[in-house]
Amino acid sequence: MKRAVYPGTFDPVTYGHLDIIRRSSKLFDSVVIGVLHNSAKTPLFSVEERVNILKKATEDIENVEVMAFEGLSVDFAMACNANVIVRGLRLITDFEYELQMAQTNRKLAPDVDTAFLFTSLQYSYLSSTTVKEVANFGGDISEFVPPFVVDLIHQKLNTRRRLEQELPHEPGRA
């Protein structure tokens, strides 16, 4: 059985991610989406929220499961009994970093390969960072993420804005 993992932050999941997930699900018997918990970053959504979002976004794909992980992707792959790590490439600038990671992973776990899938052209410009930035400035993100994710992003951003307004300001600061 060919089992693959597709690790990432997915903050938020985009149509580009979903493109890679759907295509991977046709190439492998089983695909585990690994949602990275990175304590060094402050994501918009918690790891639990991102797992739930991805479960909902992929509920129609039978051979996909979603789980959180910490640490190295190659360790996650081995823990899942996967022999392939799937990585999506949007632009040529992604390739150098991803190649370095693939070679490092291969050194750490010789039985785990990396499969690169180029994101479909219609999503090649898209990143989670771009989605959050556009949403933060009130732009339309409906072509970037599923409708329920649009709503969740707006709810999260509105909550953050309310909390920021309620925080007391220090004297002498604008």
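# Chatting about salt bridges and a helix

Visitor: Hi! Which side chains meet in a salt bridge at 3.4 Å, N to O?
Guide: Those of Arg90 and Asp94. Keep in mind as we go that this is a predicted model.

Visitor: Okay! And is Asp94 buried or exposed?
Guide: Asp94 counts as buried, with 16% relative accessibility.

Visitor: How many salt bridges does the structure hold?
Guide: There are 8. Another one of them joins Asp19 and Arg23, whose closest N and O atoms are 2.9 Å apart.

Visitor: Where do Asp19 and Arg23 sit?
Guide: Both belong to helix α1, residues 15-27. They are 4 residues apart, so about one helical turn separates them.

Visitor: Why does that spacing matter in a helix?
Guide: An α-helix has 3.6 residues a turn, so residues three or four places apart point the same way.

Visitor: Nice. What about the accessibility of Asp19 and Arg23?
Guide: Asp19 counts as buried at 12% relative accessibility, while Arg23 counts as partly exposed at 27%.

Visitor: Which residue does Glu98 meet in a salt bridge?
Guide: Glu98 pairs with Arg87, at 2.9 Å from N to O. Glu98 lies in helix α4 (residues 92-108) and Arg87 in strand β4 (residues 84-89), so this pair ties together parts that are 11 residues apart in sequence.

Visitor: And is Glu98 buried or exposed?
Guide: Glu98 is buried, with a relative accessible area of 7%. Arg87, at 21%, counts as partly exposed. The cut-off for buried is under 20%, so Arg87 does not count as buried.

Visitor: Let's switch to α6. How many residues has it?
Guide: Helix α6 has 20 residues, running over 147-166. From its first C-alpha to its last it reaches 29 Å, close to the 28 Å expected.

Visitor: Which residues in α6 are buried?
Guide: Val149, Val150, Ile153 and Leu157. They cover an arc of only 105° around the axis, which puts them on the same side of α6.

Visitor: What do those buried residues pack against?
Guide: They pack against α2 (47-57) and α5 (128-136). On the other side of α6, Pro147 and Glu166 are exposed.

Visitor: Last one: where is Leu72 found?
Guide: Leu72 is in the loop between β3 (64-69) and α3 (73-79). Leu72 is partly exposed, with a relative accessible area of 44%.

Visitor: How far is the C-alpha of Leu72 from that of Leu36?
Guide: The two C-alpha atoms are separated by 9.1 Å, and the residues are 36 apart along the chain.

Notes. Residues are numbered from 1 along each chain as its sequence is written. This is a predicted model: local features need pLDDT of at least 70, side-chain atom pairs count only at pLDDT 80 or more; totals for chains, interfaces and linings use all residues. Side-chain values use heavy atoms; hydrogens and water are left out. Helices (H or I, at least four residues) and strands (E, at least two) are DSSP runs, numbered from the N terminus. The expected span of a helix is 1.5 Å times one less than its number of residues. Buried means under 20% relative accessible area, exposed over 50%, partly exposed in between (1.4 Å probe, protein chains only). The arc is that of the directions from the helix axis to the C-beta atoms. Contact means heavy atoms within 4.5 Å. A salt bridge is a side-chain nitrogen of Lys or Arg within 4 Å of a carboxyl oxygen of Asp or Glu.
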